[in-house]
Amino acid sequence: MIGTTADQRIRKLRAPKPWVDPWRAHGSLVEEERRPDGTIERALTVFLAGAECPYTCSFCDLWRWTIDGPTPAGALAWQLKEVLDATPPPVPDRIKLYNASNFFDQRAVPVQDLPAIAALAAPFVGVTVESHARTVGPRTLEVARILSGSLEVAIGLETTHPAAIEHLNKRLSLTRFAQAAGFLADHAIALRTFVLLNPPYVPAQEAVQWTVHAVEYAARRGAAVVAIIPVRSGNGEVDRLQALGHYTPPTLSGLEDALDRCLGFAPTVVTVDLWDAHRLATCGKCSSARIERLGRINLTGRSEARIACSACGGQ
Ligand code: SF4
Ligand SMILES: [Zn+2]
């Protein structure tokens, strides 16, 4: 996978990778999330350390959380057990095993570790793992078969903008995404989708419109959940694209517009990623209230009036 001009350029612009311990998870968090049937789940996300993803998407900074070389056998189960032992009861409904790569890639998740991982995940009703659309296949079915809970696969669609999807260097076409979505649906495996706000090469004034378009595309292909993720700079390549005028950082009002316009795609649950939302905050007076409003809508799916602000006008 490594070797194209774009791959080499993107890798060269990266800052040095911090050392990552393959025997220790980066962290975990428990959140409440709405599901398509309206129930609220408690979901434990575990950020696992493992092999780097072989793709080199222009916007991605997940490589910082990965090791050089393949994930050592036994390491993921070790990490997971440590996190589960430290998680206070009651057991959450769902576990998300996020390894900053593709769960069905043997280099990232050694096949001999699957039974141990499945045993540790047995108390959870739902299990979410992440994968590039191109690594969805027979291994996905194998994982679904050995899990006690039901499998959900999180796939980055990112954008439906024809030029932007090419420039992402993700090697993903809409056809390939639709094939993966159809494969999951045929096997009663749930689909979660990531969609970007302000990917490079989408004109800033069209950013929200294209995000809504991608969310609708994923919803029509059966996504149970779509999470909208604002693209951030800082990985080298995005900063280069910003300097060239091909990337404009997202704004909090853009994120609000995107979510407000995506509340009609039920049963698909649409949320915005607020893990890094403080980076979008520009107004000291209203930003916290606006981020809290987005958090409430994530959970309820119900429209709310925008937060008025005399200082910034809500921009
Ligand atoms: S496929 Fe996912 S993890 Fe891999 S480089 Fe692209 S965005 Fe990052
Ligand atoms: Zn304000």
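In which sense, left-handed or right-handed, does α7 pass α9?

1. Some housekeeping. The model is predicted: local features need pLDDT of at least 70, side-chain atom pairs count only at pLDDT 80 or more, and totals for chains, interfaces and linings use all residues. Residues are numbered from 1 along each chain as its sequence is written, while chains are lettered from A and ligands numbered from 1 in the order in which they are written.

2. On the opening question, the crossing of α7 with α9 is right-handed (the near helix is turned clockwise from the far one by less than a right angle). The axes of α7 (residues 207-220) and α9 (residues 252-260) come within 9 Å and cross at roughly 35 degrees; axes are lines fitted to C-alpha atoms over the stretch in contact, with angles from 0 to 180 degrees between N-to-C directions. Helices here are DSSP runs (H or I, at least four residues), and strands are too (E, at least two).

3. Who touches whom? A207, V208, T211 and V212 of α7 meet G254, D257 and A258 of α9 (C-beta atoms, placed from the backbone, within 7 Å).

4. Then there's the open sheet: eight strands in the order β1-β2-β5-β6-β7-β8-β9-β10, with mixed pairing (a pair needs at least two DSSP bridges). β1 (27-34) and β10 (269-272) are the edge strands. Strand β9 (residues 225-230) runs parallel to β10 over four bridges, and V225 sits opposite V269.

5. Last, ligand 1: the residues around it include C53, C57, C60, H132 and K170 (C-beta atom, placed from the backbone, within 6 Å).

Conventions. Contact = placed C-beta atoms within 7 Å.
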